[in-house]
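This briefing is for a reader who is new to the structure shown below. Please look over the sequence and the model before reading on.

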Amino acid sequence: MNPKGVKTVAQNRKARHEYFIEDTYECGLVLFGTEVKSIRAGRVNLKDSYCLVKNGELFVIGMHISPYEQGNIYNKDPFRERKLLMHRREIDRLQGLQQAQGMSIIPLQLYLKEGLIKMEIAIAKGKKLYDKRHSLAEKDSKREMERAFARSQRE
């Protein structure tokens with residue numbers, strides 16, 4: 001499923017349930033050494049995190065990176081804001097969409113790509129409760145159709 005040289009470290013599974021994903025972007029992160037080691041060990045959580053544009057720079061807020069056990073004094077705050085690296089025009093576009101149309105910027109996944117840690121973020125619109133119910137019903141009906149098809153293939 002993943003392209004060659006890409007290893008997914010963490011995913012925000014709730015994101016696709018809670019939001020309509022409009023567009024996705026890839027960006028880098030500004031991290032310290034002990035944070036990189038914790039991420040490589042898979043000790044990161046994207047749940048309830050979001051991105052925000054401040055003074056023309058993009059930050060991820062609420063992402064938890066567990067302290068590295070051997071990091072002692074070099075460990076940083078697990079919930080600190082981390083700067084995301086993107087081109088200026090992309091950040092300006094995201095800021096415009098966020099302000100004008102009331103959309104959110106959310107992290108979808110964190111992965112290793114050719115030895116570098118990258119984050120996939122999305123511009124998304126929040127779902128209402130009835131949208132979530134519709135998505136679940138659609139998913140269930142699709143699953144039932146696949147089961148019925150598999151049964152008919154066995155017979």
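The model is predicted. Across the protein chain the pLDDT averages 84, and 97% of the residues score at least 70.

**Confidence**
- Within the protein chain, helix H1 (residues 15–18) has the lowest confidence, with a mean of 82.
- Strand S5 has the highest, at 91.
- Where pLDDT is low, the predicted coordinates should not be read in detail.

- Strand S4 covers residues 50–54, and strand S5 covers residues 57–61.
- The two strands run antiparallel and are joined by five bridges.
- Side chains alternate along S4: Cys 51 and Val 53 are buried and point to one face.

**Helix H2**
- Helix H2 spans residues 33–40, and its buried residues are Thr 34, Glu 35, Ser 38 and Ile 39.
- These residues lie on the same side of H2 because they cover an arc of only 140° around the axis.
- The buried residues of H2 pack against several strands, including S1, S3 (44–45), S6 (64–65) and S7 (82–85).
- Strands S8 (104–113) and S9 (116–126) are also among the elements that the buried residues of H2 pack against.
- Gly 42 follows H2 and has a positive phi, near 85°.

**Val 6 in strand S1**
- Val 6 belongs to strand S1, which covers residues 6–11.
- Apart from neighbours within four places in sequence, Val 6 is in contact with Tyr 111, Leu 112 and Lys 113.
- Val 6 and Asp 23 are 17 residues apart along the chain, and their C-alpha atoms are separated by 20 Å.

**Positive phi in two loops**
- Asp 48, in the loop between S3 and S4, is not a glycine but has a positive phi, near 65°.
- The relative accessible area of Asp 48 is 59%, so this residue counts as exposed.
- Glu 114, in the loop between S8 and S9, is likewise not a glycine and has a positive phi of about 55°.
- Glu 114 is exposed, with a relative accessible area of 70%.

Conventions
Residues numbered from 1 in each chain as written. Predicted model: local features only at pLDDT ≥ 70, side-chain atom pairs only at ≥ 80, totals over all residues. Heavy atoms only, no water. Buried < 20%, exposed > 50% of the residue type's maximum accessible area, 1.4 Å probe, protein only. Helix = DSSP H or I, 4+ residues; strand = E, 2+ residues; numbered from the N terminus. Pairing = 2+ DSSP bridges. Contact = heavy atoms within 4.5 Å. pLDDT = per-residue confidence, 0-100. Arc of directions from axis to C-beta.
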